[in-house]
Protein chains: 2
Amino acid sequence: MGDATQSRRARLRAEATSEIKAIALRHMAAGGPASISLRAIAREMGMTAGAIYSYFGSRDDLITALTADVYDSLADVLEASHRTAPDDAPHERVLAHARAYRTWAIAHPDEFRLIYGDPVPGYEAPEDGPAQEAEHRLCAALLGLVAAAWPQAAAAREQGGYEWTDFQPGLVAMARSTFPDLPPAAVALCLRVWSRMHGLLALEVYGHLRHQVHDPEKLYEADMLDLIRSLGLVA
Amino acid sequence: MGDATQSRRARLRAEATSEIKAIALRHMAAGGPASISLRAIAREMGMTAGAIYSYFGSRDDLITALTADVYDSLADVLEASHRTAPDDAPHERVLAHARAYRTWAIAHPDEFRLIYGDPVPGYEAPEDGPAQEAEHRLCAALLGLVAAAWPQAAAAREQGGYEWTDFQPGLVAMARSTFPDLPPAAVALCLRVWSRMHGLLALEVYGHLRHQVHDPEKLYEADMLDLIRSLGLVA
DNA sequence: CGAGATTACTACACACCGTTCAGAGTTGGC
DNA sequence: GCCAACTCTGAACGGTGTGTAGTAATCTCG
């Protein structure tokens, strides 16, 4: 592999690795996250099940890799949504973020479950891995959202009650380095904004609104408008 | 079984049925919803796996029965919380409901997942069953909450934008029969209040706040206070 | 009370699953 | 060209849910 181009074996390995992940994602889209089966993937690739272990140490490792990919694709979507709204219109940016979040979740419900629900039967996420890093991108996107809104939002809410020690060190480090002027209350607000978007979406994706309401999007839209109003972002 | 007392067989059947469910719940508490195994339950009862099929038609049927039980226990807790707050103090009632919801979820995370997440690998909830009925109890509790708050909350929000046709017939029927004076906007608000409580809780139960904040309860409490404030329930 | 239907259970079989392991064949670096 | 690393096979182990046949106990009803 001394050459600028990868060796033949490295290239084949990379292709096989991404083919495994692609098939896994397709199976997941067809039958939910639980229907990811090493044997089924291997069968489709014309291999035996054991061969997968050349690429992923276990099924959980595959899930972890998929989770990281999905996190990244979601982060891409959310970051792209920020660029559709001007910097000086935080309420549009929050709305764009919220809509991008929902659009993605509805278009990829299984990916949403993979990240935010029980990914798979007995799967336990590793404490630190690529997923953690990708999760940071999401967190940074949300922080950017709140940071842009904070000057207008700060007036609308009391800032007291939160200290840096309320948060985990990793989050504090990221927040203070990326947005040095942001107070701890803004980080707390960020988490609450996140939960606000997440709540209705989780209920919808898991089917708990199906028996209640015809058009969940209308409800979501109304709640997001209420959110930016309660943030003081709109008159 | 013409007698007032059940026949011997019926009694044994009822005992075995609830023993199966009890063991399943215990296994779930030990290893998550995915670790419910008919064979493990049968082993613990000194039976073979096939014997379970005398009591539940399939593993999914067991899960469905468990789900109904869990729904009921949650509904019990929430309804009890309403009785701790006086009728004329809707903000206390909302807070009591929210706190009871969180306390239950944190104490029974697997039951929470069973209801609100992927219950189990390939499980698909039946369209109509005991779970639907129990879900109605939860919905009724929430409606009662909003109904009590509506006189004060109505002033704080515009009532327009929602019609009865926006909701599923079952929900409309329940709402209009139980609370005849409630407008459709109140039902929409009810769902949004639900999602507000659910969002932070889902993030916490599934571990997404673990890397962010030390004390999720503090965040939840703050958000619930913000909720009753935005509802106009407190000055 | 006793014949017949219903139920509870075992034992076995089937088709999956993740995982491991010895070995064969291939590739790549030295 | 040699030897190490890699990729894959095929078989095995233990686990799962789910059916089916047969047996024994229990209940129902004439």
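Residues are numbered from 1 along each chain as its sequence is written, while chains are lettered from A, and ligands numbered from 1, in the order in which they are written. In this predicted model, local features need pLDDT of at least 70 and side-chain atom pairs count only at pLDDT 80 or more, whereas totals for chains, interfaces and linings use all residues, and side-chain values use heavy atoms, with hydrogens and water left out.

Chain A contains nine helices and zero strands, where helices (H or I, at least four residues) and strands (E, at least two) are DSSP runs numbered from the N terminus. Its C-alpha atoms fill a box of roughly 60 × 50 × 30 Å along the principal axes. Of the 235 residues in chain A, 54% are buried, a class defined by a relative accessible area under 20%, with exposed meaning over 50% and partly exposed in between (1.4 Å probe, protein chains only). Among the contacts in chain A with a separation of 6 or more, 71% join residues 24 or more positions apart, contact being defined as heavy atoms within 4.5 Å.

Chain A is divided into domain 1 (1-57) and domain 2 (66-230), with bounds that come from an automatic or database domain assignment. The centres of these two domains of chain A, taken over C-alpha atoms, are separated by 31 Å. Nine residues of domain 1 of chain A are in contact with ten residues of domain 2 of chain A, and the area buried between the two domains is about 730 Å², 73% of it from carbon and sulfur atoms; buried area is the accessible area (1.4 Å probe) that two parts lose on being put together, summed over both. A:Lys21, A:Met28 and A:Pro33 supply 59% of the area that domain 1 of chain A buries against domain 2 of chain A, more than any other three residues. One salt bridge is counted between the domains of chain A, a salt bridge being a side-chain nitrogen of Lys or Arg within 4 Å of a carboxyl oxygen of Asp or Glu. The side chains of A:Lys21 and A:Asp69 meet in a salt bridge at 2.9 Å, N to O.

The contact between the chains takes 49 residues from chain A and 49 residues from chain B, and the buried area is about 4400 Å², with carbon and sulfur atoms giving 52%. A:Asp118, A:Arg192 and A:Gln212 supply 16% of the area that chain A buries against chain B, more than any other three residues. Six salt bridges are counted between chain A and chain B; in one salt bridge, B:Arg192 pairs with A:Asp226, the closest N and O atoms being 3.4 Å apart. The elements giving two or more residues to the side of chain A that touches chain B are helices H5 (109-116), H6 (130-154), H8 (184-205) and H9 (216-230) of chain A, and H8(A) gives the most, with eleven residues.

Within chain B, B:Ala24 is found in helix H1 (residues 8-31) and is buried, with a relative accessible area of 0%. B:Ala24 and B:Ile36 are twelve residues apart in sequence and 5.8 Å apart in space, C-alpha to C-alpha. When residues up to four places away in sequence are not counted, B:Ala24 touches B:Ile36, B:Ile41, B:Leu62 and B:Leu66.
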